[in-house]
Amino acid sequence: MAGNGQAAERDYQFDNIRLLLIFFVVFGHLLESFAIGSLLYRFIYSFHMPVFIFINGYFAKFDPKKTLLSLLLPYLLFQVLYFFFYAALYHNGNGFSDLQFTTPCWLLWYLVALIAYQLILPFISTENKAAQGAILLASVAVSLLSGCGQGFGYFLSLSRIFAFLPFFVAGFYLRKNQKLLFSIRQEGGLCVSAASFLIPVAVFLFLHFDGAVTRNVLYASSSYGGGYTLRMRAGLSVIAFAWIFFFLRVMPRGKIPFCTVCGANTFSVYLLHGFLVRLMAKGGIFTFSPWLNVLIAALFAIAIVAAFGNKWVGRVFGFVFTFQWVEKIFAHISRVKREAYIDRVS
């Protein structure tokens with residue numbers, strides 16, 4: 001997810017896209033947890049996280065301090081919180097003896113992936129267009145061929161890190177090619193926009209009715225096998241890149257009251273919504289007809305995004321997980337030492 005800070009000249013279109021994506025994340029997790037809306041659930045999972053990773057790539061800057069404070073420490077903290085939450089909710093686990101950090105708990109794989117992508121930035125950062133193209137093609141090859149390897153799986157989210165790598169690289173290079181972004185947003189008319197919508201829908205439906213869109217394919221957390229093939233991963237990559245093109249063309253670029261704010265605060269929604277979704281799943285509240293269940297899940301998803309993505313929660317997360325409080329403490333200590341030194345020498 002994106003950070004909670006406000007840039008001097010913020011591109012609100014990306015906030016608006018993030019709002020839609022975080023809604024799909026919460027909605028998708030509700031559908032998954034309650035085993036409802038199978039086709040809709042698979043459709044959402046075919047693109048929402050790759051597009052999120054693309055946006056993170058677009059705003060990525062190599063900053064070891066930020067990686068440590070805003071990604072690694074939140075991962076360690078929430079890995080502990082989710083571990084004990086699961087233990088209490090499902091009455092399993094043997095306390096600290098079962099706690100580990102090499103297999104991220106559920107949705108926390110995303111933080112591990114972002115950490116990994118941050119670490120490779122010095123190796124892919126270049127202004128040379130030919131080099132950018134070569135690196136992007138190499139990332140596509142890594143993504144497709146990584147499924148042939150064995151032993152990645154959920155360990156350190158390696159399977160997903162490799163699978164979604166091209167989206168991060170593409171986003172990172174798009175920031176360096178603003179003329180291309182301008183062209184995507186401006187060139188062509190209604191027909192181009194319609195095609196960018198119909199193509200991913202058509203490819204998804206083809207793969208779905210061909211029996212190719214399984215959970216293993218959508219999660220990208222396992223090697224090829226059991227019907228999961230390189231062709232399926234390539235097909236889903238086409239779907240996700242087509243959606244990126246579509247969102248950049250049609251999503252509003254202006255600030256939308258409340259919606260844009262929630263889109264800027266997706267980090268808090270992402271980390272917190274899992275607790276509520278699991279509690280709801282434990283309570284088994286979706287006992288109506290299939291379509292009514294889906295409608296209720298959508299309404300709950302909107303409420304959760306509004307509750308955890310508003311500006312007040314965003315400010316708290318921005319303060320805590322950019323660790324501004326740590327900087328304030330050190331600044332205060334430095335000021336006290338400086339004043340003490342002045343008092344001694346005066």
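Reply: Welcome! Helices here are DSSP runs of H or I with at least four residues, numbered from the N terminus. The model is predicted, so local features need pLDDT of at least 70 and side-chain atom pairs 80 or more, while totals for chains, interfaces and linings use all residues. Residues count from 1 along each chain as its sequence is written, and side-chain values use heavy atoms, without hydrogens and water.

Me: Which helices each supply at least two residues of the lining of the second largest pocket?

Reply: A pocket is an open set of 1 Å grid points over the protein atoms alone where a 1.4 Å probe fits, with protein on both sides within 12 Å along at least five of seven lines; lining residues have an atom within 4 Å of a point. Here the helices are α1 (12-34), α3 (48-58), α7 (158-163), α11 (215-219) and α12 (230-250). The largest share, four residues, comes from α12. Of the 28 lining residues, Trp109, Arg160, Phe164, Leu218 and Tyr219 lie nearest the centre.

Me: How many salt bridges does the structure hold?

Reply: Side chains of opposite charge can pair when their charged atoms come close. The cut-off is a Lys or Arg side-chain nitrogen within 4 Å of an Asp or Glu carboxyl oxygen, and the structure holds five such bridges. Asp15 pairs with Arg10 at 2.5 Å, N to O, and with Arg18 at 2.4 Å. Asp15 and Arg18 sit three residues apart in α1, so about one helical turn separates them.

Me: Is Asp15 buried or exposed?

Reply: Asp15 is buried (under 20% relative accessible area; exposed is over 50%, partly exposed in between; 1.4 Å probe, protein chains only), at 0%. Arg10, at 16%, is buried, and so is Arg18.
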